[in-house]
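Colleague: I have some questions about the labels used for this model. Please set each value against its cut-off.

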Amino acid sequence: ICPLNIPSLTKLRVEVPKPTNYNDWGNFLPSDKIAQLENQSIYMLLVISSTTSQYDGSAWTPQKKGSKKKKPTKRKLKGNQVKKKKKICAKPKPAIDPVTKTEEDVALFVPQKAMDHRWGQSLPEEVLINIFQMVVVQDGAVPFLCRVGRVCRLWNAAASSPVLWRDVTVGFCWIAPGKNQLPKTQKKIKDTVNWLAENRFSQLRDFSLCHWTKNVNHAVEVVSQFCPQLRSLKLSYCTGLTVGAFQSLGLHCRSLQSINFQYSEVQHRLQVSFMTFRMLNVRPLHKTMRSGANSAPGFPLLEELCIATTSYSYMTDKDLWDILFGSTKLRVLDLRGCSRITPSGLATLPCLELECLFWGQYFSSHVGLSSLKKGLHVVTQKWSQTLQQLDIANQLFTEEDLEIAMSYLAGTTEADTLRSLNLSGTRITPSALRSVIGQMTALSYLNLSSCRYLPRGLKRIYRGQEDIRQLLEKL
């Protein structure tokens, strides 16, 4: 209501016409009063008072606190007393005095405004896609896009944009893990995967399955057939994966660069002849190790291999060779927890430009670490020119072997290659440490915690070249 500059105004009568549409009642009254006033005209009386007004009943005053009357307590009647009934007198009904129009009254008609309750359908599709993209990044594409696609046609069109379906993760496969799937449920799962692959996964790049115990082969095969741009595949805690799924990936997914099926069981041999992965993250189980001649070329384009574990590993030199015998471009090798791998097994690998070697032992039990090892100098001699990160934490190499290995790292012509060195829990000596620190000028991380052969005060982590330079002065 706009302000009125009328000093003598004491009463203002506002007449609101009856809405013609049932949905417009919400513009005037609360929803609980709509049904009562549906067939009546609405009149609102607005009384405006001021300090100079002589109208006694014009100003509304709030009820004072504590003004509520207390209910009288009922007293118990004695045996000889009789309860008196109160006589109720009917109050006379006051005469209805209709409000008459005067010259001072001002009739103000509020124009009816039509509210658009379909604001969600009037947004541009590009705006909806950007909003959905924010939710997809935070919560994932499934099941969010499947649900918002059922709101209206506009939201369905926005949720169907292939840009939103580039990274998809499906977990538990519509059923809690550990429970059996009925044939009807399995058919529903397959039909859903087929429909998504045909209608939504045209630009799929990263696909993940979590806790699938059945239909894993079907999902991988369908996705590989309809997703030529697939670059990454992750199978976490999945079982029943066979060689047929890998064959389908090799035939259709030529852009596939990374596969991760850690904590998943594979029923057949690991490598397939036509796979061109650049990153492989696996955790081989003891029952899945294969034996036989190498009949496949392995992974010639593989650049990163991760077989790290926090428990005891069954990986041996022969198993590692079966994976990497054709990987000449390997740059990163993560063998943390693989206590059965020996330096001689690493020295036979065909990769000549390894940059990162993570070979620390971090599992709690020291099974397999009771005896001392030898031969670390063979590893450092082979990759002394290219190693940038070396982790041999808790490896029980002898003091002499560590000193020879550090001398190979210090004797390289390219002294600025090594940047990170983890010697935590080893038998490194001050003399061996002095030689490598004095030559590796680019070294910015050094872990010497729990090194028993070093003096007190030096067993800690050093970060930065200045901190390492001060350590060299103390040595």
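Modeller: The secondary structure of this predicted model comes to 13 helices and 15 strands.

Colleague: What share of the residues in the chain is buried?

Modeller: Of the 475 residues in the chain, 38% are buried. The chain exposes about 29,600 Å², and carbon and sulfur atoms supply 53% of that area. Among contacts with a separation of 6 or more, 69% are between residues 24 or more positions apart.

Colleague: Why is Ser236 called buried?

Modeller: Buried means under 20% relative accessible area. Ser236 has 12% relative accessibility, so Ser236 counts as buried. Ser236 lies in strand S6. Leaving aside neighbours within four places in sequence, Ser236 is in contact with Leu209, Cys210, His211, Gln262 and Ser264.

Colleague: And why does Arg463 count as exposed?

Modeller: Exposed means over 50%. Arg463 has 57% relative accessibility, so Arg463 counts as exposed. Arg463 lies in strand S15, residues 461-463. With neighbours within four places in sequence left aside, Arg463 is in contact with Ser444 and Tyr445. The C-alpha atoms of Arg463 and Ser420 are separated by 9.5 Å, and these two residues are 43 residues apart along the chain.

Colleague: How do you know that the length of helix H2 agrees with its number of residues?

Modeller: Helix H2 covers residues 125-139, which is 15 residues. At 1.5 Å a residue they should span 21 Å, and the end C-alpha atoms are 21 Å apart, so the two values agree.

Colleague: What makes you say that the buried residues of H2 line one face of the helix?

Modeller: The buried residues in H2 are Leu128, Ile129, Phe132 and Val136. Seen down the axis of H2, they fall within an arc of 95 degrees, so they line one face. On the other side of H2, Glu126, Met134, Val137 and Gln138 are exposed. Just after H2, Gly140 takes a positive phi of about 95 degrees.

Colleague: Which residues of H5 are buried, and why are they said to line one face?

Modeller: In H5, Gln186, Ile189, Val193, Leu196 and Ala197 are buried. Down the axis of H5 these buried residues fall within an arc of 95 degrees, so they line one face of the helix. H6 is included in what covers the buried residues of H5. Pro183, Lys184, Lys187, Lys188 and Glu198 are exposed on the other side of H5.

Colleague: What makes strand S5 mostly covered?

Modeller: Strand S5 covers residues 206-210, and four of its five residues are buried.

Colleague: How do you know that S5 pairs with S4 and with S6?

Modeller: Two strands pair if there are at least two bridges between them. Five bridges join S4 (residues 167-171) to S5, and these strands run parallel. Val168 stands opposite Phe207 in S5. S5 and S6 (residues 232-236) also pair in the parallel sense, over five bridges. Ser208 stands opposite Lys234 in S6.

Colleague: Which helix belongs to the β-α-β unit with S5 and S6?

Modeller: Helix H6, residues 216-226, makes a right-handed β-α-β unit with S5 and S6.

Definitions and conventions
Residues are numbered from 1 along each chain as its sequence is written. This is a predicted model: local features need pLDDT of at least 70, side-chain atom pairs count only at pLDDT 80 or more; totals for chains, interfaces and linings use all residues. Side-chain values use heavy atoms; hydrogens and water are left out. Helices (H or I, at least four residues) and strands (E, at least two) are DSSP runs, numbered from the N terminus. The expected span of a helix is 1.5 Å times one less than its number of residues. Buried means under 20% relative accessible area, exposed over 50%, partly exposed in between (1.4 Å probe, protein chains only). The arc is that of the directions from the helix axis to the C-beta atoms. Contact means heavy atoms within 4.5 Å. Accessible areas come from the Shrake-Rupley method with a 1.4 Å probe; for residues, only the protein chains shown count as cover. A crossover is right-handed if, with the strands pointing away from the viewer, the path from the first strand over the helix to the second runs clockwise.
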